[in-house]
Amino acid sequence: MKTQHDYLVQLEAEAIYILREVAGQFERPALLFSGGKDSICLVHLALKAFRPGKFPFPLVHVDTGHNFPEAIIYRDNLAKQIDERLIVRYVADTIQQKKLQDGKGKFPSRNGLQTYTLLDVIEEFEFDACIGGARRDEEKARAKERIFSVRDEFGQWDPKMQRPELWNIYNGKIHKGENVRIFPISNWTELDVWNYIKRENIQLPSIYFTHERECILTESGQLMNTNEFVKREETDVVVTKKVRYRTVGDMTCTAAIESEAYNVDDIITELKEARISERGATRMDDRVSEAAMEDRKKGGYF
Amino acid sequence: MDLLRFFTAGNVDDGKSTLIGRLLYDSNSISTDIIETLTRQSKTVGANTEIDLALLTDGLRAEREQGITIDVAYKYFSTSKRKFIIADTPGHIQYTRNMFTGASNADLAIILVDARNGITDQTKRHTIISAILGVPHVLVCINKMDLIDYSEEKYKQIERDYLVFAEKLNLQNIGFIPASALAGDNVVTKSEKMPWYNGLSLLEFLETVQLSETQQTDEARFQVQYVIRPQTEALHDYRGFAGKVVSGAYKKGQRVTVLPSGIESSIDKIEVNQNEVDVAETNTPVVLHLKDDVDISRGNTIVPSEFLPTTQKELTATICWMDNASYIPGQKIILQQNSFRSKAVIKDVMSKIDIHSFQALESDGTMKLNDICKVFIKTAEPISFDSYSHNRNTGAFILINENTNNTVAAGTID
């Protein structure tokens, strides 16, 4: 019996299977699109799952206002190119409507605030399923999350009440008001994503590749992009370096890494040698406490 | 490069988390920032060694505080030979359901035995669950060899005891490795302390174990997940059945039967990512088109006409009850097998399986959390299935509580 053992073929088949289960089980799903490499892969997988048909879901982006412009341009071009519906909702609007306090500090984060906008857009369109590009290798709370992750009306994740998930059988049955977060590439690692991008020749926003950039070198040694949202001080150590981004989050909380990687092959080589984890290298938000991600997820975050 | 999915069964006391930590650590799969975090955490919980490797897998706050594993954690690593997905499952009896979950997809089970204690009730339970779920390979890792002075004699005794117990279980492949996760003996590299052991280290075993044996059957099986109908002018008549080839292969022109309706047709076209192919092998996501305009919807099965699965409204199965709330006799449930769903009812709890002896005990009709029982189920719609021992993909199902929507049980069809 000839069985395809190549791991990328297997991971792709699993993701397509999950996407089709979403289409079959839910009435109003959505694909949460950030312009980052993981959600770009999701769109690519959705093309494989549903073409020549249209996607059975719109792309939804929660725009924090602190996104990299390159990611936003990429997002708009992609939606146009594949001719699928794109819904954008802005954290800035939520802040105004709900009279919320904007992020403070030197690198003001809208990480907590985007949860409000996300829950609002879920309510507005009555989404019963939201597909996301989170991976289990990113963080240890994520390592325990199901592929179909049921959230209550408040979007909350209860790690102790997760449904058992067996074989390839996904139970997406929910009550009205609840929704399910769905992670088709749960089992992919960062390196798998890059190997897939290479194999499929997927185009990415330019900030994933090396470029010269003016950055603030923080006390903990991270390279933070200088931009209008960061509170500049005279004591800032400003440097210009050849950098790239390993993850594309907000400009205020995503650090660049020094890199000479011009193309996907270079990045794969770089990652194989890298001795620091993806979130550890780039995210200020997870450094807050050991259980930072677990707490954010319980509160409705992805 | 291929992919091996395995799960580890055992307690923190058996050194399970330490073993996984050791595999990841010694195979250079852990990043420096995570090692720093671990070193910091290890000091907080007062661990004996410099780095408590077990902390790598215990992801949730409650688990770190209590020093136990509550839920299945997935870990990933790769070597130059293979990519691995580990389902790290808790060992205590109250987490049998989690072990069921982790074992359901696994190609291999690592069952940890504390060399000082030998075969325990827990070892038996883990082995029986592996047998029920048809895990193709079982690797018994006899850990803490350092604490019995690397004694070959004691190791051989445990091996003999295990084989006597496992004889009646119909396991496909059993292997043994003497190891010390804490000291690193035979985990990644062969240990010099056990010259009497001629086998492979754990990692070498994982890298080389044959995967082809996991394919049980050549009989082609396909279930419709979603019907693609673009309904555009250019693709007005396009109607494709999207799903995955779960076993065997499909060929263009092949005679097929649609179940449960029983209508015959033939395959007009097979598409993979919009390209037409003549043959689609196992595990390929495809879109099938049939010659005739047959009424087909999600959950229907399309199979070669010469290899029909059983299609009926009743079945017997071994199920593991997974809900905190006990089973209420007569309670209405939903049975889901891949993309197929039907209302169902458990007509009879025929026996309860003693998970330490594998004996069928007389049932009093109740089922509570972690019970494994033989049941007779009636479904409202006809279900097409194979026995689980014949086909792991079409012989498995879950039961969903109609009211709470929770997954309350998982079953394998006889």
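Start with B:A115. This residue is buried, at a relative accessible area of 6%. Buried here means under 20% relative accessible area, exposed means over 50%, and partly exposed is in between, with a 1.4 Å probe and protein chains only. B:A115 sits in the loop between strand 4 (108–114) and helix 5 (121–132) of chain B. Helices (H or I, at least four residues) and strands (E, at least two) are DSSP runs, numbered from the N terminus.

What does B:A115 touch, leaving aside its neighbours within four places in sequence? It is in contact with B:I142, B:N143, B:K144, B:M145, B:I148 and B:I158. Contact means heavy atoms within 4.5 Å. B:D14 is 101 residues away from B:A115 in sequence, yet their C-alpha atoms are 8.9 Å apart.

Now some housekeeping. This is a predicted model, so local features need pLDDT of at least 70 and side-chain atom pairs count only at pLDDT 80 or more, while totals for chains, interfaces and linings use all residues. Residues are numbered from 1 along each chain as its sequence is written, chains are lettered from A and ligands numbered from 1 in the order in which they are written, and side-chain values use heavy atoms, with hydrogens and water left out.

Next, chain B as a whole. It has 7 helices and 23 strands. Of its 414 residues, 61% count as buried. Take the contacts in chain B with a separation of 6 or more: 70% of them join residues 24 or more positions apart.

Helix 4 (residues 96–104) of chain B is mostly covered, with 9 of its 9 residues buried. B:F100 is one of them. B:F100 and B:F6 have the most contacts inside the largest nonpolar core, which has 139 residues. Helix 1 of chain A gives the most to this core, with 10 residues. A nonpolar core is a set of buried Ala, Val, Leu, Ile, Met, Phe, Trp, Tyr and Cys residues joined through side-chain atoms within 4.5 Å. Beyond four places in sequence, the contacts of B:F100 include A:L166, B:I129, B:C320 and B:M322.

Over to chain A. Here 6 strands form an open sheet in the order 3-2-1-4-6-5, with mixed pairing. Strand 3 (86–90) and strand 5 (148–151) of chain A stand at the edges, each with a single partner strand, so one side of each has no neighbour in the sheet. The twist averages 30° from one strand to the next. Two strands pair if DSSP finds at least two bridges between them.

Strand 5 pairs with strand 6 (residues 179–182) of chain A in the antiparallel sense, over 4 bridges. Helix 1 (residues 7–25) of chain A lies across several strands, including strand 5 of chain A, to which it runs at about 40°. Axes are lines fitted to C-alpha atoms, for helices over the stretch in contact, and angles run from 0 to 180 degrees between N-to-C directions.
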